[in-house]
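Please look through the fold first and then at its one-off details. The paragraphs below go from the whole chain to single side chains.

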Amino acid sequence: MPTRPLLILATRNAHKTEEIRHILGDQFEVLDVTSFPDLPEIEETGTTFLENARLKALGISRHIDGWVLADDSGLEVDALGGAPGVWSSSFGGEEGNHAKNNERLMREMTGITERSARFRCTLVLAKNGVEKDFFTGTVKGRIAESPSGNGGFGYDPLFIPEGHFQTMADLGAVIKSTLSHRAEAIRALVAAIETGNWVSF
Ligand code: IMP
């Protein structure tokens, strides 16, 4: 089998890596920064998904040869004015604590009937410290009354995608990989690669 092009994800979130691998199939070899222990930690000081994805993609790609892809993503809830948004991973007060994030979301949504929300994902592709392009994806839905399901990660047990009656965590990996914000952004990335006018892997 010919060697597959290598894509290095600027993330330490094993769930994101797993999902991106699953969506891309076997056309790329996908590693994340946990395979390169000397890479720096990148601080996410931006106020938009694009700013944070750029910080991560460029911050990692300055230190490593080859294609680097960063994912910045989060949940926007209309009744909360778009929160938690770019602060999704620390909404509950502790970075990356999904249980606390979900508890706070449930608390803030108590008694609220307008429960529309969306997940957003922005991907930035970079090589040798230079941004090549960015891609976005969105999935609309609503916040469930109570958590349900074991699949996915983060807010998936509380998010019911439009056109469905179960949470993303109930729907599971196969369905999530067709309809998620991340899947939409990855499809845009693949389409750009296939058009091939700016990138040669
Ligand atoms: P980031 O690592 O700064 O991009 O933060 C992403 C955060 O957004 C995660 O920690 C989750 O809280 C939330 N998030 C992003 N994508 C998903 C998803 O696919 N399902 C559930 N939560 C997500």
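Helices (H or I, at least four residues) and strands (E, at least two) are DSSP runs, numbered from the N terminus. By that rule the protein chain has 5 helices and 6 strands, and from the N terminus on they follow the order β-α-β-α-β-α-β-β-β-α-α. The radius of gyration, taken over C-alpha atoms, is 17 Å, close to the 17 Å from the globule rule for 201 residues, so the protein chain is as compact as a globular protein of that length. That rule is 2.2 Å times the number of residues to the power 0.38.

This is a predicted model: local features need pLDDT of at least 70, side-chain atom pairs count only at pLDDT 80 or more, and totals for chains, interfaces and linings use all residues. Residues are numbered from 1 along each chain as its sequence is written, and side-chain values use heavy atoms, with hydrogens and water left out.

Buried residues (under 20% relative accessible area, 1.4 Å probe, protein chains only) make up 47% of the 201 residues in the protein chain.

A search of the whole structure finds 1 aromatic pair. Rings of Phe, Tyr and Trp (its six-membered ring) pair if their centres lie within 6.5 Å; planes under 30 degrees apart count as stacked, over 60 as edge-to-face and the rest as tilted. The ring centres of F119 and F159 are 4.5 Å apart and the planes are at 50°, so the pair is tilted. Because F119 lies in strand β4 (residues 116-127) and F159 in strand β6 (residues 159-161), the pair ties together parts 40 residues apart in sequence. F119 is buried at a relative accessible area of 6%, and F159 is buried at 0%.

Technical notes: Buried means under 20% relative accessible area, exposed over 50%, partly exposed in between (1.4 Å probe, protein chains only).
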